[in-house]
Amino acid sequence: MSAQSDPRESVGERVFVVGAGIMGSGIAAQAALAGYFVTLEDVTAELADRGKANAERALDHQLRKGLLDSARREEAARRIDAAIGLRRASSATIIVEAAPENLEIKQGLFREIESAAAVDAVLATNTSSLPITSIAQVLQDPTRLIGIHFFNPVLQMPLVELIPGLRTRPEIAERAERFAKKLGKTVVHSKDSPGFVTTRALAVLINEAAGMLQEGVATRDDIDTAYRLGFHHPMGPFELADLVGIDTAVAILDVLWDGFRDTKYRVCPLLRQMVAAGRLGRKSGEGFYPYPDRRSGT
Ligand SMILES: NC(=O)c1ccc[n+]([C@@H]2O[C@H](COP(=O)([O-])OP(=O)(O)OC[C@H]3O[C@@H](n4cnc5c(N)ncnc54)[C@H](O)[C@@H]3O)[C@@H](O)[C@H]2O)c1
């Protein structure tokens, strides 16, 4: 199980995570469990602190499920610190970016990350869909960037998709793979194609389900039940969309549209409307379903 990887392997090494949202907090928790020291960074102290609190919540979940004992939980929590700014990135051997799914944001961030990072640090993006080669293009050394795509919730999902860009050095890919395996993940490899192997099909499923709901083909609950019981999916497409974040799902579909210009990736208007209304899923307290206990954003 991912939560049980050996902490001794990574003693002393630091992982710097940029973006303390849903994914950044999960990646921080997973890396801390594997023995890394982790800095979790965001644009404000409040967001960084909230990310750390969410990382601890994820550890608590593993504790309740009996996958972790309280000593390891405490030890992992102590290894995570929250920060604003990239100052501490210079001591990291690997930097994982988990900021919003937007090419300009990620390119801007990687320009800053490259100048803050040690020259031999691996630079990784957790993008779900954006071309790794395009993100890397803004770097002075584009050969050091790779996609390490974690899944949500990070502590519970055993998969990592590894996506080298066109110019990524093999040594960087090897180090990224070792890192993912130290975190207890199973690695699949994908070429740098929009949406890679996983997100491309997932985005279409969510979009098609939203289309059916908008057309009145079936209710939200019946569509989710149909996919859970009919196809053995652990959650229906709307439950999944709420977990992913509706804004993220829309951003991904836009990337697929830009990449392929195929109408099958045209965003269902209902999804855009939900983003405009701030109904982003679990993280905003309401998506296709309400999440009253999440309204504070924690
Ligand atoms: N949500 C998922 O299920 C999922 C799964 C796999 C991959 N991803 C990818 O992971 C990335 C993050 O997604 P998320 O769901 O965690 O998003 P999120 O909205 O929960 O978190 C993004 C965080 O980045 C922060 N941020 C914005 N600009 C920043 C900056 N300049 N510097 C530092 N932090 C900044 C935001 O304040 C926010 O806390 C995206 O690329 C997304 O596609 C998401």
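Arginine 261 occupies the loop between helix H10 (246–260) and helix H11 (269–276), where helices (H or I, at least four residues) and strands (E, at least two) are DSSP runs numbered from the N terminus. The structure is a predicted model, in which local features need pLDDT of at least 70 and side-chain atom pairs count only at pLDDT 80 or more, while totals for chains, interfaces and linings use all residues. Residues are numbered from 1 along each chain as its sequence is written. Phi of arginine 261 is positive, near 50°, in a residue other than glycine. Most residues other than glycine have a negative phi, and most peptide bonds are trans. A residue is called buried if 20 or more other C-beta atoms, placed from the backbone, lie within 10 Å of its own, exposed if 12 or fewer do, and partly exposed in between. Arginine 261 counts as exposed because it has 8 C-beta neighbours inside 10 Å.

A positive phi, of about 50°, is also found at phenylalanine 196, which is not a glycine. This residue lies in the loop between S8 and helix H7 (198–215), and phenylalanine 196 counts as buried because 23 C-beta neighbours fall inside 10 Å. A further backbone feature is the peptide bond from asparagine 152 to proline 153, which is cis, with omega near 0°; proline 153 belongs to the loop between S6 and S7.

The protein as a whole contains eleven helices and eight strands. Its radius of gyration is 19 Å, close to the 19 Å that the globule rule gives for 298 residues, so the protein is as compact as a globular protein of that length; the radius is taken over C-alpha atoms, and the rule is 2.2 Å times the number of residues to the power 0.38. Along the principal axes, the C-alpha atoms fill a box of roughly 55 × 45 × 35 Å. Buried residues account for 49% of the 298 residues. Of the contacts with a separation of 6 or more, 67% are between residues 24 or more positions apart, a contact being a pair of residues whose C-beta atoms, placed from the backbone, lie within 7 Å.

The protein is divided into domain 1 (2–189) and domain 2 (199–286), with bounds that come from an automatic or database domain assignment. The centres of the two domains, taken over C-alpha atoms, are separated by 26 Å. Seven residues of domain 1 are in contact with ten residues of domain 2, and the side of domain 1 that touches domain 2 divides into two nonpolar, four polar and one charged residue. In this classification Ala, Val, Leu, Ile, Met, Phe, Trp, Tyr, Cys and Pro count as nonpolar, Asp, Glu, Lys and Arg as charged, and the others, Gly among them, as polar.

Around the ligand there are 28 residues, of which Gly19, Gly21, Met23, Ser128 and Asn152 come nearest; a residue belongs to this shell if its C-beta atom, placed from the backbone, lies within 6 Å of the molecule. Helix H1 (22–33), strand S2 (37–42), helix H4 (103–116) and strand S6 (145–150) each give two or more residues to the shell, and H1 gives the most, with three residues. The shell comprises 14 nonpolar, ten polar and four charged residues, and it draws at least three residues from each of domain 1 and domain 2.

Among the strands, all six residues of S6 are buried, so this strand is largely enclosed by the rest of the structure. Leu145, Gly147 and His149 point one way from S6, whereas Ile146, Ile148 and Phe150 point the other way. Strand S5 (residues 122–125) is joined to S6 by three bridges and runs parallel to it, strands being treated as paired if DSSP finds at least two bridges between them. Leucine 123 has leucine 145 in S6 as its bridge partner. On to S7, five bridges join S6 to an antiparallel neighbour, with isoleucine 148 opposite leucine 162 and glycine 147 partnered by isoleucine 163. Five of the six residues of S7 (residues 159–164) are buried, so S7 too is largely enclosed by the rest of the structure. S7 in turn pairs in the parallel sense with strand S8 (residues 186–189) over four bridges, and leucine 159 stands opposite threonine 186 in S8.

Technical notes:
Two residues are in contact if their C-beta atoms, placed from the backbone, lie within 7 Å.
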